[in-house]
Amino acid sequence: MILNIEKSLYQKALELIENSRYILLITHVNPDADSIGGALALSNFFIENRIKHKVFNVGKNIPRNVEFLNGFNKITDILPPFFDLAISVDCGAYSRLGIKLDENIPLINFDHHASNENFGTINLVDAKMASTSEIIFDFFKYNDLKISKNSAEALYTGIYSDTQALSLPRTTKETFSKMSHLLDCGVNSSYIAENFLRKDSLAKYRILPKILDSLELHKEGKVASIYAKNEWFKSTGAKSIDCEEALDMILRIGVVKIAFFIRELDKSCRISLRSKENIDVSKIAKIFNGGGHINAAGCTIYDKDLEEVKSLVLKEIYEI
């Protein structure tokens, strides 16, 4: 097996952790299960080894379907007064942290996005990995650290989510091997499924019909677009995470090769892009200072209305 991250980097990361007095674990803006799962896997290890730390999210807009993971209720949007080490989890760009760190504080950067800017003191970044939780699994593995049941559940959830139930092309034999090992660590797969897949909010089912009704097909049906207006979030009480499934749903349409979803915010629009086969939507995201993977990417466009944003994205898609 070819290692894209040197084992020595995992060891250096552990040395930084062991020599720190207080650690800030940072999940990205509007976190997904991979970011939360990876952070909580580390958090549980820290708890078990009496390493002082906090898990931080800038907006605390955290998906409800991971609330069963141990340590979820300790996630905070309040920065501690002191920390001498920061660890970012699944942040493809420095801006995804949502905060500006003191340049004198070392930063360990765990991520799997091809667009990662390698902004850390130590960069544990591998774009070939199916999820950031896989890289954190390797942090445990190459440092010969025990993965407890609590950490295993967090890693399992992160991998399962970011591979869309182990169905994406970047899912490898190694991914399945890691999942098998996590089961050996005490993970109950049916317990994860019950809690992760069947904990939807009522608001989700109030906003989804509105979003699906916005569906438009372009380029003879090969491109599909949907959107969510800011007012819909306010009227239904839904959050961004409640809408994630809508994009995957329209990508399942047989003729569709590229799908994108525009979420209207107060002063910007957040665009999520998905594709089939080897169509690289990260190229489109990069045009608007975003990034991601070949089949999944995102960006934010500021100071333009929804229709303008849709036109801009479609223009770039047509040029692929």
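This is a predicted model: local features need pLDDT of at least 70, side-chain atom pairs count only at pLDDT 80 or more; totals for chains, interfaces and linings use all residues.

I count a salt bridge when a side-chain nitrogen of Lys or Arg is within 4 Å of a carboxyl oxygen of Asp or Glu.

Entry 1. I looked up K204 and D200, and their side chains meet in a salt bridge at 3.3 Å, N to O. Is K204 buried or exposed? K204 counts as buried, at 7% relative accessibility, because the cut-off for buried is under 20%. D200 has 39% and counts as partly exposed.

Entry 2. I then checked for shared partners and found E134, D138 and K178 joined into one network by their salt bridges.

Entry 3. How many salt bridges does the structure hold? I get 12. One of them pairs D84 with R21, at 3.9 Å from N to O. I placed D84 in the loop between β2 (53-56) and β3 (85-89), and R21 in the loop between α1 (7-18) and β1 (23-27), so this pair ties together parts 63 residues apart in sequence. R21 has 61% relative accessibility and counts as exposed.

Entry 4. Next up were R64 and D242, whose side chains form a salt bridge at 3.1 Å, N to O. Which parts of the chain does the pair link? R64 is in the loop between β2 and β3, while D242 is in the loop between α8 (230-236) and α9 (244-251), 178 residues apart.

Methods: Residues are numbered from 1 along each chain as its sequence is written. Side-chain values use heavy atoms; hydrogens and water are left out. Helices (H or I, at least four residues) and strands (E, at least two) are DSSP runs, numbered from the N terminus. Buried means under 20% relative accessible area, exposed over 50%, partly exposed in between (1.4 Å probe, protein chains only).
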